[in-house]
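Good morning, and thank you for making time on the agenda. I would like to present one model today and to go through its architecture in order.

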Amino acid sequence: MEILDLRHFSSVDLRPLLEDETRVWATMLSWDYTGSAEMILRYVDAKILPGYAAIERGRIFGYSFFVYEGSKGVVGDLFVANGDRLPNAREVEIKLLTHVIETLQQSPGIHRIEAQLLAHEAGSVARPFLDQGFQRHPRLFMVLNLRSTVSQAPAAHPDVEIRRWSDADYQPAAAVITAAYRGHVDAQINDQYHTLAGSLRFLNNIVRFPGCGVFDPESSYAAVDRKARNLIGLILCSRVRGDVGHVTQICVLPEYRGRGIGEALMAMTSQNLIKRGFTMLSLTVTEANAGAVALYHRLGFETKRVFDAFVWAG
Ligand SMILES: CC(C)(COP(=O)(O)OP(=O)(O)OC[C@H]1O[C@@H](n2cnc3c(N)ncnc32)[C@H](O)[C@@H]1OP(=O)(O)O)[C@@H](O)C(=O)NCCC(=O)NCCS
């Protein structure tokens, strides 16, 4: 087995592996990975995707890639074919990650590395991260079965109006996100939440790029204070499969919490999806975010998987 630079290869070499990965994401996470796979293949052909491929008898059977975002490196993905059956799959995953981590840590100007490995069980590939001084944050992948969810009228606070998301909400939404995550564990995992410019970049990624499903404006909502007319909370939902929604963001300003606004936002999204024939709604939440986890449990979400987020801060 050899580990080689991903930029030596083309989409023809990588496509069979990504087809395997697409099947795994479909069964494990009810997630259609086709859009992400096509984007990865385009970047591979353009020779601009840094990463490593695991090769045996001339065939790629595993890969991991990363991206540079200013002074931050983000581990994009890790996948080894037949990971559940191949006896040395874990070893290959760890080798690929070790190469990625070393490359990023040695890249001039890189002061921070983030990774979220949604399709890997918590702890399963933690060793190379922990050895290099990363912090580990267990996160939950939760799902709500919309077929058995009773559609209830949302009971938001009377001073708050919930209306459909619009493009004009972009800028105020970035301000709400920055304020909602001040001092929050998720701001340790994703440093985009630290600044207004970072929150705008986060929104831009969610709304304009297909990395985390396709943004679904119809099931995304804004909460507005009726008197002050300002945005105080939001929920953003993407379509990750024809009939599956995924909450990519939900937050409420601290001074408005505990009044049922979060629950009402979630109810609006679920009701909209049920009406349109969706069968499932998923989300990810940091285990340490106990209040949010309790809210999701109360709404009927179940934990499907536990995965890890890793952060290295230089
Ligand atoms: C998670 C979050 C969106 C919840 O929003 P919220 O508006 O406070 O949510 P709700 O008011 O509907 O529910 C929160 C609690 O208030 C309680 N509550 C609801 N209506 C209430 C009312 N009228 N009066 C008093 N308490 C009420 C609920 O029982 C709930 O209790 P629980 O924590 O035991 O489940 C909010 O805390 C937040 O923005 N957090 C920071 C960002 C974040 O963590 N987002 C989630 C990332 S996955």
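Two remarks on conventions come first. Residues are numbered from 1 along each chain as its sequence is written. The model is predicted, so local features need pLDDT of at least 70 and side-chain atom pairs count only at pLDDT 80 or more, whereas totals for chains, interfaces and linings use all residues.

The chain contains nine helices and 13 strands; these are DSSP runs numbered from the N terminus, with helices being H or I of at least four residues and strands E of at least two. The radius of gyration is 20 Å, close to the 20 Å that the globule rule gives for 314 residues, so the chain is as compact as a globular protein of that length. That radius is taken over C-alpha atoms, and the rule is 2.2 Å times the number of residues to the power 0.38. Along the principal axes, the C-alpha atoms fill a box of roughly 65 × 40 × 35 Å. Of the 314 residues, 39% are buried. Here, buried requires 20 or more other C-beta atoms within 10 Å of the residue's own, exposed 12 or fewer, and partly exposed lies in between, with C-beta atoms placed from the backbone.

Turning to the domains, the assignment gives domain 1 (2–133) and domain 2 (143–308); such bounds come from an automatic or database assignment. Their centres, taken over C-alpha atoms, are separated by 28 Å. At the interface, 16 residues of domain 1 are in contact with 14 residues of domain 2, a contact being two C-beta atoms, placed from the backbone, within 7 Å. On the side of domain 1 that touches domain 2, helix 2 gives the most, with three residues. The residues of that side divide into six nonpolar, five polar and five charged. In this scheme Ala, Val, Leu, Ile, Met, Phe, Trp, Tyr, Cys and Pro are nonpolar, Asp, Glu, Lys and Arg charged, and the others, Gly among them, polar.

What does the largest nonpolar core look like in numbers? It has 85 residues, and those with the most contacts inside it are Y63, I177, A223, L234, I235 and L265. Such a core is a set of buried Ala, Val, Leu, Ile, Met, Phe, Trp, Tyr and Cys residues joined through C-beta atoms within 7 Å. Helix 8 provides the largest share of this core, seven residues. Because domain 1 and domain 2 both give residues to the core, it lies between them. Leaving aside residues up to four places away in sequence, I177 touches Y193, S199, F202 and C251.

Finally, two backbone details. Most residues other than glycine have a negative phi. S30, in the loop between helix 1 (11–29) and helix 2, has a positive phi near 50 degrees. K47, in the loop between helix 2 and strand 2 (51–56), has a positive phi near 60 degrees.
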